[in-house]
Amino acid sequence: MNAPVKTTKLIKGATGDFEVIVGMEVHAQVTSNAKLFSGASAAFGGAPNSHVSLVDAAMPGMLPVINEECVRQAIRTGLGLAAQINLVSVFDRKNYFYPDLPQGYQISQYKSPIVGEGVVVVDMPDGETVRVGIERLHLEQDAGKSLHDQHPTMSFVDLNRSGVALMEIVSKPDIRSAEEAKAFVAKLRTIMRYLGTCDGNMEEGSLRADVNVSVRRPGEPLGTRCEIKNVNSLRFIGQAIEVEARRQIEIIEDGGTVVQETRLFDPGRGETRSMRNKEEAHDYRYFPDPDLLPLVFDQAYVDALAAALPELPDAKKARFMADYGLSAYDADVLVAERETAAFYESVVETGGGARRDPKLAANWVINELAGRLNKEGHGIAESPVSAAQLGAVLDLIADGTISGKIAKDLFEIVWSEGGDPKAIVEARGMKQVTDTGAIAAAIDEVIASNPDKAAQAKEKPAMVGWFVGQVMKASGGKANPQTVNALLKSKLGIA
């Protein structure tokens with residue numbers, strides 16, 4: 001909390017610098033087939049009120065029954081956050097009235113959550129490493145959804161989400177900028193996707209965040225925080241923090257006092273607006289749910305789950321850097337999604353201990369493949385080019401059959417038409433020209449056509465690049481670039 005303030009993190013106000021303090025409450029929908037306390041489907045979508053059991057609708061006499069899969073997923077997430085797993089936890093009733101909460105209370109966890117303190121390590125683009133403490137992770141049920149646009153005079157309620165299991169992950173106020181906040185949520189999403197505990201689809205509401213923002217002058221005590229509710233994209237999280245921090249700074253500089261309250265972010269107007277006064281714990285009248293016994297499991301249960309965890313992003317990044325010699329940036333990009341990391345390894349590892357050039361493979365996966373997928377709006381799972389096909393393209397580059405330029409043309413053909421890259425090269429005559437006699441003849445022709453430039457090149461060796469381009473053009477891009485460059489320097493008398 002009281003670590004030295006970096007000047008790059010400060011926001012300039014009219015009367016001096018301010019520091020923004022951010023804490024996050026991330027609500028992640030648990031990946032499970034059924035809801036937290038009923039057997040109703042937890043699938044996204046469906047006709048309104050088609051995924052509702054008598055428990056979800058709070059019919060009289062209906063009692064909740066805990067879904068063990070949701071418990072397992074919460075423990076696995078806690079392990080992925082390097083957090084303390086509490087062997088005894090308690091479900092509480094959080095009392096408040098809202099039309100889409102049929103019970104009149106939410107079953108949550110208050111004083112005794114299933115997961116305690118942990119940490120998320122966030123690597124920023126500038127090379128800085130930020131450690132964000134996790135205060136707790138608790139299980140709770142989601143509410144339904146009010147629909148206000150279905151009728152001119154009435155609101156409807158869809159209870160499909162009512163009772164869906166959520167993990168609320170509460171961070172410590174360790175975040176000092178909008179960029180850190182976005183990176184933290186992105187890292188949290190990556191960890192949960194690796195674990196398979198939350199799909200992280202913010203557009204479907206599977207992951208959303210309440211953002212607590214306060215400002216202070218450097219070295220002063222913490223300021224009054226305001227909570228911005230239900231922010232559902234990384235971009236909006238960043239915008240909401242910047243807008244709210246600026247609002248609070250203006251209030252303080254005008255001599256006013258920031259009021260603790262809950263606010264909403266309006267991305268259309270680029271502003272936050274008041275929603276309600278911030279509730280405190282006593283306002284909810286928490287008490288242990290009498291229908292649910294304390295949740296108890298032993299350390300052996302936790303250890304078994306820990307032993308079955310997949311390799312997580314930080315460990316995979318370290319391995320990619322150590323085993324493949326990748327830069328921190330390239331490794332970060334590749335491990336951001338579990339499927340991308342697996343695709344990359346399938347390209348690199350050819351079996352039997354042999355492997356392709358790891359750095360060349362990284363360049364192709366990150367730049368050519370991912371760039372094209374982003375342009376087309378596809379994920380790696382939908383790639384028309386398989387890992388085997390991309391590996392075959394890299395093999396053709398490595399053995400000199402094709403040049404890098406031809407490889408890009410070949411990639412486009414495989415993307416659009418499919419097929420075996422090697423067979424395509426054979427059938428379409430795409431092999432690069434390595435015959436020095438043919439290349440020398442092309443060079444002689446280019447030099448003979450441009451005697452003035454040939455003379456200038458002897459004084460300005462950098463001009464050899466122009467000649468390389470002309471020879472490559474004359475060969476239809478098939479000439480071996482290294483051979484062209486070497487022969488040109490020899491014929492032009494350039495050392």
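Visitor: Which residues of strand β6 form its covered face, and which its uncovered face?
Guide: Strands (E, at least two residues) and helices (H or I, at least four) are DSSP runs numbered from the N terminus. Buried means under 20% relative accessible area, exposed over 50%, and partly exposed in between, with a 1.4 Å probe and protein chains only. In β6, residues 118-123, the covered face consists of G118, V120 and V122, and the uncovered one of V119, V121 and D123.

Visitor: Which pLDDT applies to side-chain atom pairs in this model?
Guide: Residues are numbered from 1 along each chain as its sequence is written, and side-chain values use heavy atoms, with hydrogens and water left out. The model is predicted: totals for chains, interfaces and linings use all residues, local features need pLDDT of at least 70, and side-chain atom pairs count only at pLDDT 80 or more.

Visitor: What residue of β7 stands opposite V120?
Guide: Two strands pair if DSSP finds at least two bridges between them. β6 and β7 (residues 129-141) are antiparallel and share six bridges. They form a hairpin with five residues between them, where G127 in the turn has a positive phi of about 95°. Opposite V120 stands V132.

Visitor: Which are the edge strands of the open three-stranded sheet?
Guide: The order in this sheet is β5-β4-β15, with antiparallel pairing. Strand β4 (residues 92-95) is joined to β5 by four bridges, with R93 opposite I107. The strands that pair on one side only are the edges, β5 (105-108) and β15 (287-288).

Visitor: On how wide an arc do the buried residues of α14 lie?
Guide: The buried residues of helix α14 (residues 464-474) are V464, F467, V468, V471 and M472. The arc is that of the directions from the helix axis to the C-beta atoms. These residues lie on the same side of α14, because they cover an arc of only 135°.

Visitor: How far apart are the end C-alpha atoms of α9?
Guide: The expected span of a helix is 1.5 Å times one less than its number of residues. For the 12 residues of α9 (387-398) that gives 16 Å, which agrees with the model, where the end C-alpha atoms are apart by 16 Å.

Visitor: Against which helices do the buried residues of α9 pack?
Guide: The buried residues of α9 include L390, V393 and L394. Contact means heavy atoms within 4.5 Å. The helices they pack against are α7 (338-348), α8 (358-376), α10 (404-417) and α11 (421-428).

Visitor: How many disulfides does the structure hold?
Guide: A disulfide is a pair of cysteine sulfur atoms within 2.5 Å. C70 is buried, because its relative accessibility is 0%, and C198 counts as buried at 2%. The sulfur of C70 has its closest cysteine sulfur, in C198, 12 Å away, which is too far for a bond. The number of disulfides in the structure is zero.
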